[in-house]
Amino acid sequence: MTEFFTRRNVLALAAASTAAIALASGQAWAQEAAKPADGTAPVKAPEPAGKIDEAKLMAPGILKDIVMGKAEAPVTIVEYASMTCPHCAHFATTTLPTIKEKYIDTGKAKLILREFPFDPRATAAFMLARCAPEDRYYPMVEVLFAQQQQWAGVANSVEPLLQISKLAGFTQESFNACLTNQKLLDDVNAARDRGANEFGVNATPTFFINGSKYSGALSVDEMSAIIDGLL
């Protein structure tokens, strides 16, 4: 992967096969959580898959954590995601807006997204989000997830990624410069490796909510039950 982004072959991501991307995205392994059949039964908070020391989890990594919400919020949600993961896109477009309105915007919780790319296109998308001004990081991530099929599942992803990047103020030159930034590439890979080696992340999305680990997509009701139990 370290040879993938060079000034000579930055556009080589256009040659990545959609079959390979589909396979990488399939490694999310998680299934969508089902809601109650009648839509009214209270949802019980799912059991966590384990507990991570919060001080270790929140220790600074190579890449700066960008916080969505108030830093002093009592509940911290750390999400490890891959930009080409369909379950991550579903969470971002379907579940997160409600969680943001109920808990993040009200100061009850904050969200930190961390990189766990499964394939070169996911790595490229994360690099572009990191190259954007910090206040445009989450808006750019939101657009990348919302338009995932337009760049992750096509034969040539360069043009759609460039157009999305231009919305965040990129030029052709800054777009190319970002994707040829070897240090940033190494840092994104290091963030992924830290998640795997220190916190046991092996699927996306994986959430740590005040240190408790939950693998797979969580519904609004499930995440609400977890957060409510911590408030």
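Residues are numbered from 1 along each chain as its sequence is written, and side-chain values use heavy atoms, with hydrogens and water left out. Because the model is predicted, local features need pLDDT of at least 70 and side-chain atom pairs count only at pLDDT 80 or more, whereas totals for chains, interfaces and linings use all residues.

Me: In what order do the six strands of the open sheet stand?
Reply: Strands (E, at least two residues) and helices (H or I, at least four) are DSSP runs numbered from the N terminus, and two strands pair if DSSP finds at least two bridges between them. The pairing in this open sheet is mixed, and the order of its strands is E1-E6-E5-E3-E4-E2.

Me: Which are the edge strands?
Reply: An edge strand here pairs on one side only. That holds for strand E2 (67-68) and for E1.

Me: What is the bridge partner of Val78 in E5?
Reply: Strand E3 (residues 75-81) runs antiparallel to E5, with four bridges between them. The partner of Val78 in E5 is Phe208.

Me: At about what angle does helix H3 run to E4?
Reply: Axes are lines fitted to C-alpha atoms, for helices over the stretch in contact (heavy atoms within 4.5 Å), and angles run from 0 to 180 degrees between N-to-C directions. Helix H3 (residues 86-104) lies across E2, E3, E4 and E5, and its angle to E4 is about 155°.
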